[in-house]
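Here are a few exercises to work through with the model open beside you. Try each task before you read its solution.

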Amino acid sequence: MSSRDMVILSYRVNPEDFAKAGDASSNTKKVLKKLGIPSDITRRVAIVTYEAEINITIHSNGGEIIVSIDKAKIEIIARDYGPGIPDIDRAMEKGYSTASDHVREMGFGAGMGLPNMKRCSDEFQIESQKGKGTTVTSTIYIHD
Amino acid sequence: MYLYEIRDILDAEVIAGMSRMDREVDFAFGADLMSDVLAFVNERTVLLTGLTNPQVIRTAEMMDIAAIIYVRGKRPDTASLELAEENGMTIMCTPYTLYTTSGILYNAGLKGIDELGVVT
């Protein structure tokens, strides 16, 4: 990739479509591999996109994931159309979850998603507006 | 530990990725909670689980997990198997429970990821 090049991947994520949850992350991971991004960076991006995909699938009315890759960094924007997170501080606590039993039976909803996304990010931002939606922005720098 | 060694000591049946049994793993992690797998696992790890849905394979794919061992006689569904083949993973089924499977592997020298100091 030359310094001016930028690759942008964009995916729509549907609510409660668990059969498709993971497709966006899987595709993103394959693209990063092809671009020759180091494997530890690729794994961190994969974790962030996958946690985001699962979150949008479980909790939201649908949303999208946009991954922008340039020479220096990878930025992941996960945006949904509501219902929004009433208390972000609580949502960021390890172990806090509002997921249903159905979701827990599938192996998710342990309240580790957002903290894990933050752990894997160099920069992490979350904004939420009740009724409107939530946007999570994660930046991961590519080392040489 | 090589995957073929794991197969032998667990009396396991290999149902995907048979041609790739010469891969080596350094750690094992047992969980039915994929959230924990996403938070704790590193590469060269084999996953032990009793959960059989396709999200297990997706999770393993994200974490670069080369092999999954289904415990207590569980078998993944067809969608899971197809996804595993697509991603070059090895899938095994053992009749032993999670606890016994873990004990057998630990006794044979395969360590837990606690020893990497990642679990806090």
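**Exercise 1: A helix pair in chain A**

Task: find which residues of H2(A) meet which residues of H5(A), and work out how the two helices are oriented.

Solution. Start with the contacts in this predicted model. On the H2(A) side are A:Arg44, A:Ile47, A:Val48, A:Glu51, A:Ala52, A:Ile54 and A:Asn55, and they meet A:Gly113, A:Asn116, A:Met117 and A:Cys120 of H5(A). Sorted by class, this contact has 6 nonpolar, 3 polar and 2 charged residues.

Next, take the geometry. The axes of H2 (residues 39-59) and H5 (residues 113-120) of chain A come within 9 Å and cross at roughly 155 degrees. Angles over 145 degrees count as roughly antiparallel, so that is the relation between H2(A) and H5(A). Finally, the handedness of their crossing is left-handed.

**Exercise 2: The fold of chain A**

Task: how many helices and strands does chain A have, and in what pattern do they follow along the sequence?

Solution. Count the elements: there are 5 helices and 5 strands in chain A. Then read along the sequence, which gives β-α-α-β-β-α-α-α-β-β. Now check the size: the radius of gyration of chain A is 15 Å, close to the 15 Å from the globule rule for 144 residues, so chain A is as compact as a globular protein of that length.

**Exercise 3: Where the chains touch**

Task: describe the side of chain B that touches chain A.

Solution. First, the count: 16 residues of chain B are in contact with 18 residues of chain A. Helices H2 (34-40) and H3 (54-62) of chain B each supply at least two residues of this side of chain B. By class, the residues on this side of chain B are 8 nonpolar, 3 polar and 5 charged.

Notes: Residues numbered from 1 in each chain as written. Chains lettered and ligands numbered in written order. Predicted model: local features only at pLDDT ≥ 70, side-chain atom pairs only at ≥ 80, totals over all residues. Axes fitted to C-alpha atoms, helices over the stretch in contact; angles between N-to-C directions. Helix = DSSP H or I, 4+ residues; strand = E, 2+ residues; numbered from the N terminus. Parallel < 35°, antiparallel > 145°, perpendicular 65-115°, else oblique. Left-handed = near helix turned anticlockwise from the far one by under 90°. Contact = placed C-beta atoms within 7 Å. Nonpolar A, V, L, I, M, F, W, Y, C, P; charged D, E, K, R; others polar. Rg over C-alpha atoms; globule rule 2.2 N^0.38 Å.
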